[in-house]
Amino acid sequence: MTDPRFAAAAGIMPAEHQHRELLQSIVDTARAIFGAGAASIFLYDEDTDELIFEAVAGESAGELVGTRIPSGTGIAGWVLVTRQPLVLSDLQNDPRFARDVAERTGYVPKALMAAPLLYEESSLGVLQVLDPQQEASFTLAEMELLGLFASQAAIALDLLRRARRARAVVDGQGGESSAVAALAAALETGDEERREPALKLLQALAELLRAP
Amino acid sequence: MTGGLPAWSLPAASRAQIDLELEWPERVTSDWAFGGSTGAGVRVCILDSGVERNHPLVGTVEQSVVVVAAGDGYDVVEDEEGDLSGHGTACAGIVRALAPECSLHSVRVLGAGYTGSGDILLGGLEWAVGQRFDVINMSLSTTKSKFAGFLHELVDSAYFGRTIIVASAHNMPVVSYPWRFSSVISVGCHDEEDPRLLYANPEPPVEFFARGVGVEVAWPGGGTLKVTGNSFATPHVSAMCALALAKHPRLAPFQLKSVLYHTAANVGGAP
């Protein structure tokens, strides 16, 4: 990217690892507050239709980050699609569930809380808390708390996605965003006479896109 | 309108043709509404992740279909998969426990891949409304505002077609549909153990609270799990609707909602 402003913007843009730290602090805090065995944040990858472990606190944490699971099945998939939080306990009574989870993560929980990560109109991923201390007696207050954590995690996840998209533009790989960058570059370097009508056209386009 | 009656106006000469039986007691009690009912003959649709066949706590599922993407639209075909997450089986088991003789139908809208699932969900609901089920249990919602208009039309047509849609309310700070629409019954959860205990919410859009904390439910593999969430409160209300409809088949959705209101523990609550 030759435009110096992009380079300047890229320089002050938080790096991906800073967003990751934010996600990590959310799962660490969720794990501590719920006294849980583990907590994790999944990001939904639209291109591959999979859920990816983006941040994990607890057992097997290091190995799990980056692991992908299919989005269409299982509890996390259901929560992602239906946008409904839920809590399951007595999971070890269910051999099929235990086996599926153990094969993926090496850790079989007794109980699980899961909430969708909703930001604006999108379901960005899922927050899961495994084996919270009070698993025998979940309360509505804990569901509320899970919802609050999920709201925070959704904002952090959205920031991470935006940072990745911005990085892709800087690296010249972005899809829609790089088209916008190319447009900006053409305006900057293009014919003087054409610039004014082109700007009018872009303003009209912006209004069209903003219209309800 | 059927039977040659005008849909938009009523000539005095046609008055006799629209006589409706009044089936409403002086006082609506739980006994009048649900007492002795098993839900027999009422068709309840579980719009969800599928329902496991032959689960001992679910029993017979009359029909299992899955909604799949097909070109710009969708197809509805026989479902051979059963339940892909466990949730639909849990909801079906809750309905079966309260309304043991109702007829259960599964419409699976999950598992065909997430991309475009909003369309699959809408397609499944459209198909279910077209089947004129008595009750549609919908423990799911969408946050996409572009679907809101179509969903609104769909749930209104269900309401006028005498299909009651019971939908899980959202307990997170986002706007989602269709539970917010007044032509459906929206449900959140209370933390008491009585499966037939309902509370009416004086501050909608969540209209009723039903049991939804620590509920033991049917789970795929023939076993059970304990679950918590609004999505498990919803089938309790679906089952109560099935009980009332089995006893009083002529109740229209607006009357059914009144029955739930009058029998809620914080309103009349009379046995």
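In the predicted model, the side chains of strand β4 of chain B are divided between two directions, with Ser103(B), His105(B) and Val107(B) pointing one way and Leu104(B), Ser106(B) and Arg108(B) pointing the other, and all of them are buried. In a regular strand, side chains alternate between the two faces of the sheet. The strand is mostly covered, six of its six residues being buried, where a residue counts as buried if its relative accessible area is under 20%.

The pairing of β4(B) involves strands on either side in the sheet order. With β2 (residues 61–70) of chain B, strand β4 (residues 103–108) pairs in the parallel sense over five bridges, and within this pairing the bridge partner of Val66(B) is Arg108(B). With β1(B), strand β4(B) again pairs in the parallel sense, here over six bridges, and Leu47(B) stands opposite Val107(B) of β4(B).

These strands belong to an open sheet of nine strands in chain B, with mixed pairing and the order β3-β2-β4-β1-β5-β6-β7-β9-β8. The edges are formed by β3 (73–78) and β8 (199–200) of chain B, each of which has a single partner strand, so that one side of each is left without a neighbour in the sheet. Helix α2 (residues 87–98) of chain B lies across β1 (43–48), β4 and β5 (135–138) of that chain, and runs at about 155° to β1(B). Helix α6 (residues 253–263) of chain B, in turn, lies across β6 (164–168), β7 (185–190), β8 and β9 (208–211), running at about 65° to β9(B).

Taken as a whole, chain B comprises six helices and eleven strands, and its C-alpha trace spans about 55 × 45 × 40 Å along the principal axes. Of the 271 residues of chain B, 56% count as buried, and among contacts in the chain with a separation of 6 or more, 71% are accounted for by residues 24 or more positions apart.

The number of buried residues among the 19 of α8(A) is zero, so the helix lies largely in the open. Its N-terminal end is capped by Asp191(A), a side-chain oxygen of which lies 3.0 Å from the backbone nitrogen of Glu193(A).

Note on methods. Residues are numbered from 1 along each chain as its sequence is written. Chains are lettered from A and ligands numbered from 1 in the order in which they are written. This is a predicted model: local features need pLDDT of at least 70, side-chain atom pairs count only at pLDDT 80 or more; totals for chains, interfaces and linings use all residues. Side-chain values use heavy atoms; hydrogens and water are left out. Two strands pair if DSSP finds at least two bridges between them. Helices (H or I, at least four residues) and strands (E, at least two) are DSSP runs, numbered from the N terminus. Contact means heavy atoms within 4.5 Å. Axes are lines fitted to C-alpha atoms, for helices over the stretch in contact, and angles run from 0 to 180 degrees between N-to-C directions. Buried means under 20% relative accessible area, exposed over 50%, partly exposed in between (1.4 Å probe, protein chains only). A polar contact is a pair of N or O atoms within 3.5 Å; within protein, one must be able to donate a hydrogen and the other to accept it, and residues adjacent in sequence count only if both atoms are side-chain atoms.
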